[in-house]
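Subject: Structure for you to look through

Hello,

I am passing on the structure we talked about. Please open it and keep it in view while you read the notes below.

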There are 2 protein chains.
Amino acid sequence: MSKVKLKDVAEKAGVSKSTVSQYLNKRYEFMGKETRKRIEKVIEDLRYQPNEVARSLKIKKTNTIGVIVANILHPFSTYVSRGVEDYCQQRGYNVILCNADNDSNKEKSYIEMLQMKQVDGIIIAATGKNNDLIYREREKGFPIVLFDRYFDDVEVDMVLSDNYQGAFQAVEHLIKMGHKNIALVAPEGHLLSMRKLRIDGYYGALKKYNIPIDESYVKFVTTENLTNQLNDLFRQDHVPTAVFTVNDLMTIEVLTYLKENNIKVPDEMAVVVFDDLPMASLLEAPLTVVAQPTYEIGTTSARMLIERIESKVKPKHEQKILPCQLIVRQSCGFRKNAEANENIPALNA
Amino acid sequence: MSKVKLKDVAEKAGVSKSTVSQYLNKRYEFMGKETRKRIEKVIEDLRYQPNEVARSLKIKKTNTIGVIVANILHPFSTYVSRGVEDYCQQRGYNVILCNADNDSNKEKSYIEMLQMKQVDGIIIAATGKNNDLIYREREKGFPIVLFDRYFDDVEVDMVLSDNYQGAFQAVEHLIKMGHKNIALVAPEGHLLSMRKLRIDGYYGALKKYNIPIDESYVKFVTTENLTNQLNDLFRQDHVPTAVFTVNDLMTIEVLTYLKENNIKVPDEMAVVVFDDLPMASLLEAPLTVVAQPTYEIGTTSARMLIERIESKVKPKHEQKILPCQLIVRQSCGFRKNAEANENIPALNA
DNA sequence: AAACGTTACTAAAACGATTTAGTAATAACT
DNA sequence: AGTTATTACTAAATCGTTTTAGTAACGTTT
């Protein structure tokens with residue numbers, strides 16, 4: 001029982017394949033009203049479904065895009081994906097989702113695979129190790145949008161959230177709550193550009209308020225040295241009164257550490273973190289977070305990509321920076337009557 | 001600057017298209033060693049990438065499968081997807097991910113779209129309103145695997161987790177901790193089969209231990225009547241001492257309610273929930289949960305689907321039921337020295 | 001009545017691969 | 001020497017669409 005194809009419809013309706021094809025493409029002006037009805041009926045009866053693969057081959061367009069995320073288990077990727085999906089669905093595109101796992105080989109092979117599949121474009125949170133490939137494709141006119149990571153050596157469309165501003169705001173808020181001894185916990189290793197901006201935001205806020213930088217408050221941790229580093233941080237002579245964590249992995253580690261060591265948030269330690277977490281509001285002390293506009297990053301990337309795909313010009317690349325939002329809950333030591341502090345002038349300025 | 005195609009490679013290498021094609025399909029026995037080297041080099045030089053769309057058309061196989069989940073924002077879907085992705089990647093398949101949002105129209109149009117795209121098979125958490133369609137496709141020999149939801153009217157491969165056992169265990173655990181007044185919170189509305197099993201598990205455990213059923217402890221809530229229902233539940237004369245929530249949405253609502261009303265978990269109210277949550281261990285009282293084997297549901301579904309795709313026989317449908325796992329943390333009122341209770345015999349039996 | 005436009009179609013050539021059937025040249029066997 | 005096998009290829013058909021160029025029939029101008 002093989003699939004019914006255009007030819008079958010044509011034969012049963014007593015017309016040529018061309019006419020059926022015109023019908024499928026809604027160019028009804030090329031056929032009589034009778035014929036049109038007839039074709040319609042036959043398609044219905046036969047439950048005919050056009051073969052998109054054949055169509056794609058002919059028209060050289062698949063109406064499919066590829067999305068390469070770091071890890072679909074990560075809420076950030078998940079929300080971005082959903083944004084992409086929703087926007088694409090509405091514009092008639094499908095999305096092939098790929099997990100690169102921050103592995104540049106996997107990333108490369110996904111890019112190549114997607115191209116062999118003739119996707120119309122790619123949205124990618126790039127590792128940064130395939131920039132040459134990406135740049136080359138871009139030069140050939142292949143639509144690509146980068147998100148989440150910034151690379152100034154590759155001229156391509158990007159959509160980012162304002163990491164500096166977000167981090168700055170978070171730390172500024174802590175300062176306005178009266179904190180001066182503010183720690184930073186970040187993952188070690190070659191600093192992915194965006195993470196660097198968050199660290200810069202931390203320094204920037206301290207600087208603005210003339211708070212001297214204490215390097216013993218700045219910890220770059222790895223999975224191995226994590227406990228040691230946190231011990232160093234929280235068990236030194238003059239412990240910080242607040243911590244800022246630059247991503248949700250760090251957040252979970254720090255929170256776990258504090259819980260295990262019975263350090264009360266926010267009374268003994270205020271916490272402000274980068275990236276909202278689904279359950280952030282149900283924690284013992286609901287977390288104050290700087291939330292990225294994840295869903296919008298997705299829709300915006302998709303919009304930019306589809307624009308590129310559908311307009312056949314190749315304009316200069318575009319960068320879109322979306323603002324982050326500080327969501328004040330309780331882990332920063334917020335208390336009802338502390339609201340007034342929000343408007344105090346810079347402390348030492 | 002158009003793409004380089006098979007023909008270009010053939011010309012430059014001075015052979016026919018057929019030979020290049022044989023090369024691409026690794027049938028090296030059909031060409032001389034010289035020729036083989038030459039083709040290899042030309043492909044390298046030209047950066048030739050085969051067009052998978054053309055290939056798919058010819059061989060009638062896309063090496064792509066479709067996955068339709070309820071909502072990618074939901075951790076359950078996310079972990080399943082990841083399982084599917086990982087398994088497929090390793091077997092050389094790609095996955096198109098779709099969100100049906102529990103909307104049967106969306107679901108239907110996704111199924112149709114995926115078929116037009118000629119995917120080799122579909123993995124789907126079905127809404128249950130397109131069972132006729134699914135059954136028809138299955139009959140035609142189109143590979144489909146259902147997961148997460150059980151329908152006895154459709155003869156198709158399924159992979160499920162043992163919802164009854166999971167719920168039973170959760171409630172049994174509560175009973176073993178000494179609770180007798182155990183409430184159930186579930187979403188109202190036509191009971192999706194799996195959810196029903198969880199409810200049955202609740203009743204089953206009560207029955208086994210001869211605990212009389214108090215219907216005022218069983219609440220089916222909607223978004224509208226939520227607060228009223230929870231008020232009824234927690235403010236009645238003899239309040240329950242424990243609650244079991246059947247999914248994570250309910251969990252969040254109940255936890256939020258308890259927090260707002262300052263009811264302490266687990267001292268004033270023990271809580272055991274269905275579905276693990278990413279931050280469950282960081283909550284004020286780390287949650288005791290029954291966790292579904294989400295990742296395995298994904299890999300198993302993918303494995304079953306690919307088996308169906310690659311063996312061209314159509315055996316009787318298969319149902320795989322994976323066990324859930326009770327993860328005891330603290331919200332159930334667990335205390336170090338309560339462990340002994342685990343082994344007491346059924347209380348009233 | 002010749003010329004031109006419309007209307008309602010169709011035949012055939014793509015799209016870029018795979019595959020089948022065939023062939024020419026050489027080697028091996030009887 | 002004649003037959004058969006093997007090696008190393010190629011030509012052409014095919015997959016299921018879209019699209020271009022063409023045409024036959026009829027109506028409308030001039």
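This is a predicted model: local features need pLDDT of at least 70, side-chain atom pairs count only at pLDDT 80 or more; totals for chains, interfaces and linings use all residues.

DNA strand C

DNA strand C is surrounded by 25 residues, and the closest are Ser16(A), Thr35(A), Lys60(A), Leu6(B) and Ser21(B). Of the atoms of DNA strand C that come within 4 Å of the protein, 62% belong to sugar and phosphate. By type, the residues of this surface are nine nonpolar, nine polar and seven charged.

Which helices supply at least two residues each of the surface near DNA strand C? In chain A they are α2 (17–24) and α4 (52–59), and in chain B they are α2 (17–24) and α4 (52–59). The largest share, four residues, comes from α4(B).

- Thr35(A), with an N or O atom of its side chain 2.3 Å from a phosphate oxygen of DNA strand C.
- Tyr48(B), where the distance from a side-chain N or O atom to a phosphate oxygen is 2.9 Å.
- Asn25(B), which has a polar side-chain atom 3.2 Å from a phosphate oxygen.

Helix α6 of chain B

This helix runs over residues 104–116, which makes 13 residues. From first C-alpha to last it reaches 18 Å, close to the 18 Å expected at 1.5 Å a residue. After α6(B) comes Gln118(B), which has a positive phi, near 65°.

The buried residues of α6(B) are Ser104(B), Lys106(B), Glu107(B), Tyr110(B), Ile111(B), Met113(B), Leu114(B) and Gln115(B). An α-helix has 3.6 residues a turn, so residues three or four places apart point the same way. You can look for that spacing among Lys106(B), Tyr110(B) and Met113(B), which are in the buried set.

What covers these buried residues? The cover includes α5 (75–91) and β2 (94–99) of chain A, and from chain B it includes β1 (64–69), β2 (94–99), β3 (121–124) and α7 (131–139).

Nonpolar cores

The largest nonpolar core has 104 residues, and those with the most contacts inside it are Phe234(A), Phe244(A), Phe234(B) and Phe244(B). Another core, of 48 residues, lies apart from it and includes Ile65(A), Phe76(A), Ile123(A) and Met304(A).

Leaving out residues up to four places away in sequence, Phe234(A) touches Val239(A), Val243(A), Val254(A), Tyr257(A), Leu258(A), Ile263(A) and Met269(A).

Regards

Note on methods. Residues are numbered from 1 along each chain as its sequence is written. Chains are lettered from A and ligands numbered from 1 in the order in which they are written. Side-chain values use heavy atoms; hydrogens and water are left out. The expected span of a helix is 1.5 Å times one less than its number of residues. Buried means under 20% relative accessible area, exposed over 50%, partly exposed in between (1.4 Å probe, protein chains only). Contact means heavy atoms within 4.5 Å. A residue is near a molecule or strand if one of its heavy atoms lies within 4 Å of it. A polar contact is a pair of N or O atoms within 3.5 Å; within protein, one must be able to donate a hydrogen and the other to accept it, and residues adjacent in sequence count only if both atoms are side-chain atoms. Ala, Val, Leu, Ile, Met, Phe, Trp, Tyr, Cys and Pro count as nonpolar, Asp, Glu, Lys and Arg as charged, and the others, Gly among them, as polar. A nonpolar core is a set of buried Ala, Val, Leu, Ile, Met, Phe, Trp, Tyr and Cys residues joined through side-chain atoms within 4.5 Å.
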